[in-house]
Amino acid sequence: MKIIIDTNIYISAFCFDNLPDKLIQLVENSDDYSIITSIQIFKELEQKFLSGRLEKILKNKYIKSYCQLFLRGLSEKAITVEVPKSANLKICRDPNDDMLLSLANFGDVDYIITGDKDLLILETLEAKSKKIIKIVTVNQFLTMIQAWI
């Protein structure tokens, strides 16, 4: 199953022991999931992880080193897809989120997992392959996974 995990989920998983953390552990430890990502997602994560803001929030002076290890691990597990400009979609009410929708469409994913209300309001996206991509929260995704087990 191909999935995209939005940056807000990675950051929450990194900072807290919560559902996003369980999701990351699940997909990293299973061959059933392929994480689809892009250079833009890595850049956004790197910017947010290394800005110094997390260091202040988590009160941990080693946070930048942990973040670099996290990004390295993600890059080893994820499949990085480059979306050509010709495949960029303009659907979302927040144009910054169109990058994720374009990646999902071009990467032919099954799910976008996010906490972003501008994406969640869409619920689905019809891919170029006519496949329906579901846009869900971490809780919705984990609930579906539990139902399949």
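Student: How much space lies in the second largest pocket?

Tutor: About 260 Å³. A pocket here is an open set of points on a 1 Å grid over the protein atoms alone, with protein on both sides within 12 Å along at least five of seven lines. Its volume is the space filled by 1.4 Å probe spheres set on the points. This is a predicted model, where local features need pLDDT of at least 70, side-chain atom pairs count only at pLDDT 80 or more, and totals for chains, interfaces and linings use all residues. Residues are numbered from 1 along each chain as its sequence is written, and side-chain values use heavy atoms, without hydrogens and water.

Student: Which lining residues are closest to the centre of that pocket?

Tutor: Gln40, Val83, Asn88, Met99 and Ser102, out of 14 lining residues (an atom within 4 Å of a point).

Student: And which helix gives the largest share of the lining?

Tutor: α6, with four residues. Helices are DSSP runs of H or I, at least four residues, and strands are runs of E, at least two.

Student: Switching to the sheet, what is the strand order?

Tutor: β3-β2-β1-β4-β6-β5, an open sheet with mixed pairing. The edge strands are β3 (79-80) and β5 (124-126). Pairing takes at least two DSSP bridges between two strands.

Student: How many bridges join β4 and β6?

Tutor: Three, in the parallel sense. Ile112 stands opposite Ile135 in β6.

Student: Why is helix α1 largely enclosed?

Tutor: Because eight of the nine residues of α1 (residues 7-15) are buried, meaning under 20% relative accessible area with a 1.4 Å probe, protein chains only. Among them are Tyr10, Phe14 and Cys15.

Notes:
Buried < 20%, exposed > 50% of the residue type's maximum accessible area, 1.4 Å probe, protein only.
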